[in-house]
Amino acid sequence: MQVHFPVRSKGLRRKTTGAVRAVDGVDLDVYRGETLGLVGESGCGKSTLGNALLRLVEPTGGTVEFDGTDVTGLSQRDLRALRRRAVMVFQDPYASLDPRMTVGQTVAEPLQVHGLHRGAAARAARVAELLDLVGLDPAVASRYPHEFSGGQRQRVGIARALAGEPDFVVCDEAIASLDVSVQAQVLNLLRSLQRTLGLTLLFVSHDLAAVRHLSDRIAVMYLGRVVEVASAADLAADPQHPYTQALLSAVPVPSPARERRRERIVLTGDVPSAARVPSGCRFRTRCPQAFDPCATVDPALQPVGAAGAHVAACHLHGLVPAAD
Ligand code: SF4
Ligand code: MG
């Protein structure tokens, strides 16, 4: 799948001068009932990918299949149905809640949009159930967002997202703007909701520690591309891509003895602009292990573990050029 944004030159006669390759040839499966973590530095395209999956931004190429149906060609009507089954929990609970609506109205809105639990009494009962589900007292339905803490607002955002009983939930940096002390509570809530409701969760975050805590599998993204996918356990124990190794080496470990033994890999240089992706391996400008073919050959994802469930895009595992 691709999401390329056109870049236009300034001036009266605007013409397209290039493309920002925000998401550039990503082939990724999310399995029903799993939590897939999508991790990478800010600007690597992970939010764009999450948004494209829900068609909140339009992919410019490739397909996005949801339950076997390519959603890139959906009619408005089918898109509405998709919007009920696949939802987004946004990063900023301050910006994503309408300050003029009560919490009850906010949570009830998707019910009205999708024609669920019709009638005031049925709707109020469903809103109470949803607030209870996310650990809020149903009595708060009549209050306004400004009366709540960040963590409580994010709970309201989650209740709203779950109103239509979705199957697939994308959480885009859902804990990033919360106090550290509250982040664990919201993470635990997401984990328990995922299990009890059987949700398929895509957890998008720059925070590898949080991703590890929540995910069954993890996909690592760099500059618009997925560079490694593995189970959370395999990725942590045996990372195969130099970028993943660097990301993991920066995650604090609880034990001071282990901390001393650990080697921190410091990446030099900035992430290149997505409008100027390096030739060959896009990580080569920062890779401590880059060698000759990296400058010219774009590496494909290839199996790096015994089971085939662990894949990485790096020539250190054999020279496999990416298609196209
Ligand atoms: Fe580094 Fe080369 Fe592997 Fe890219 S292909 S991650 S530059 S070693
Ligand atoms: Mg983002």
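Two strands count as a pair if DSSP finds at least two bridges between them. Keep that in mind as you look at this predicted model, because strand β10 (residues 225-231) and strand β12 (residues 311-312) are joined by two bridges. Along that pairing, E228 sits opposite A312 of β12. From there we can look at the rest of the sheet, then at two helix contacts and a ligand.

**The sheet**

- Strands of a sheet pair through backbone hydrogen bonds, and they can do so in a parallel or an antiparallel way.
- Here, β10 and β12 run antiparallel.

**Helices α5 and α6**

- To describe two packed helices, you give the angle between their axes and the distance between the axes.
- For helix α5 (residues 150-162) and helix α6 (residues 180-197), the axes come within 10 Å and cross at roughly 20°.
- Angles under 35 degrees count as roughly parallel, so α5 and α6 are roughly parallel to each other.
- The crossing of these two helices, α5 and α6, is right-handed.
- On the α5 side, the contact uses G150, G151, Q154, R155 and I158, while α6 brings in V182, Q185, V186 and L189.
- Sorted by type, the residues of this α5 and α6 contact come out as four nonpolar, four polar and one charged.

**Helices α3 and α5**

- Helix α5 also packs with helix α3 (residues 103-113), at an angle of about 25° and with the axes 7 Å apart.
- That angle puts α3 and α5 in the roughly parallel group too, because the cut-off is under 35 degrees.
- α3 passes α5 in a right-handed crossing.
- Who meets whom? V103, T106, V107 and P110 of α3 meet V156, A159 and R160 of α5.
- The residues of the α3 and α5 contact split into five nonpolar, one polar and one charged.

**Around ligand 1**

- How many residues are around ligand 1? There are 13 of them.
- The ones that come nearest to ligand 1 are C281, R284, C287, C294 and C314.
- What kinds of residue make up the shell around ligand 1? Nine are nonpolar, three are polar and one is charged.

Key. Residues numbered from 1 in each chain as written. Chains lettered and ligands numbered in written order. Predicted model: local features only at pLDDT ≥ 70, side-chain atom pairs only at ≥ 80, totals over all residues. Near = placed C-beta within 6 Å. Nonpolar A, V, L, I, M, F, W, Y, C, P; charged D, E, K, R; others polar. Axes fitted to C-alpha atoms, helices over the stretch in contact; angles between N-to-C directions. Helix = DSSP H or I, 4+ residues; strand = E, 2+ residues; numbered from the N terminus. Parallel < 35°, antiparallel > 145°, perpendicular 65-115°, else oblique. Left-handed = near helix turned anticlockwise from the far one by under 90°. Contact = placed C-beta atoms within 7 Å.
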